[in-house]
Amino acid sequence: MAPAKKIVFKTKHELAVELAKYTANLSSKFCKERGIFTVVLSGGDLISWLWKLLEPPYADSIEWSKWYIFWVDERVCGWDDADSNYKLAYDGFLSKVPIPAENIYAIDKGLGAEGNAELAAERYEECLKEKVNKNIIRTYKSSGFPQFDLQLLGMGPDGHMASLFPGHDQINEKVKWVTFITDSPKPPPKRITFTLPVINCASYNVMAVCDKEQAHSVAAALTHTKDVPAGRLTADVEVVWFLDQAAASKLKGWCSVL
């Protein structure tokens with residue numbers, strides 16, 4: 001598995017510029033090689049940093065019809081709920097690009113609205129397995145876990161990623177592809193989430209983090225000085241941390257991108 005790289009940007013604008021370039025380059029690579037680009041989104045601020053993809057040269061050059069969208073985690077709620085990661089992504093990004101609706105795989109709408117976290121996790125895992133059987137999602141070497149092309153991730157101030165939180169057992173799940181939590185320390189309490197093996201089997205993982213409230217956990221994750229879930233992030237080919245100066249302020253020896 002790949003060791004973590006880090007890139008520090010002076011501003012969020014510069015981070016967004018590079019994030020768009022990085023994503024577009026991988027889109028071109030996988031669309032050319034496979035005719036498919038599987039992208040995993042997260043919630044939080046990540047969606048707001050994808051705005052450069054909505055502008056030239058990317059908006060008109062990316063082969064959007066070949067994108068397939070999944071979520072690394074989701075709040076167990078309706079699609080139109082203010083807490084929904086799907087709604088966040090749809091309003092801020094997906095509604096503005098021509099990705100076919102049938103290529104977008106959100107949490108089961110009915111189970112989300114009902115608040116059935118356990119069954120929603122089971123159903124989402126079934127969805128992933130169906131896409132593996134149709135050769136939309138690849139599988140990782142001998143393990144059989146799904147291997148996504150690119151995951152765009154974020155991290156909370158406590159070092160959680162996806163809905164894998166410090167001190168909770170979901171981080172230790174080694175068999176399931178998707179699990180659930182009903183007592184999340186960050187509201188809302190009910191969520192589904194990819195497990196750590198699935199996250200780490202991705203070809204490329206980008207962890208994008210901004211603002212000073214994340215700085216201590218960024219340093220902890222990248223130096224492994226305490227047990228934070230984001231510190232266990234890796235990838236098959238490359239894992240890159242995109243940081244602004246505030247988020248990187250507790251790190252030593254970093255260089256800004258001009």
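**Exercise 1.** Which residues of strand 11 lie on one side and which on the other, and are they buried or exposed?

*Before you start.* This is a predicted model, in which local features need pLDDT of at least 70, side-chain atom pairs count only at pLDDT 80 or more, and totals for chains, interfaces and linings use all residues. Residues are numbered from 1 along each chain as its sequence is written, and side-chain values use heavy atoms, with hydrogens and water left out.

*Solution.*
- Step 1: Find the strand. Strand 11 spans residues 238–244; strands (E, at least two residues) and helices (H or I, at least four) are DSSP runs, numbered from the N terminus.
- Step 2: Recall a general rule. In a regular strand, side chains alternate between the two faces of the sheet.
- Step 3: Sort the residues. E238, V240, F242 and D244 are on one side, while V239, W241 and L243 are on the other.
- Step 4: Check burial. Buried means under 20% relative accessible area, exposed over 50%, and partly exposed in between (1.4 Å probe, protein chains only). Both faces are covered, and the residues named in Step 3 are all buried.

**Exercise 2.** Work out how strands 1 and 10 are joined to strand 11.

*Solution.*
- Step 1: Know the test. Two strands pair if DSSP finds at least two bridges between them.
- Step 2: Take strand 1 (residues 4–9). Six bridges join strand 1 to strand 11, and the two run parallel. Look for K5, whose bridge partner in strand 11 is V240.
- Step 3: Take strand 10 (residues 204–209). Here too, six bridges link strand 10 to strand 11 in parallel. Y204 stands opposite E238.

**Exercise 3.** Describe helix 7 and what covers its buried residues.

*Solution.*
- Step 1: In helix 7 (residues 215–223), the buried residues include A215, V218 and A221.
- Step 2: Strand 10 and strand 11 are among the elements covering the buried residues of this helix.
- Step 3: Just after the helix, H224 takes a positive phi of about 55°.

**Exercise 4.** Explore the largest nonpolar core.

*Solution.*
- Step 1: Such a core is a set of buried Ala, Val, Leu, Ile, Met, Phe, Trp, Tyr and Cys residues joined through side-chain atoms within 4.5 Å.
- Step 2: The largest one has 91 residues, and W67, W71, F194 and W241 have the most contacts inside it. Helix 1 (residues 12–33) gives the most to this core, with eight residues.
- Step 3: Contact means heavy atoms within 4.5 Å. Leaving aside neighbours within four places in sequence, F194 is in contact with residues including V40, W71 and W177.
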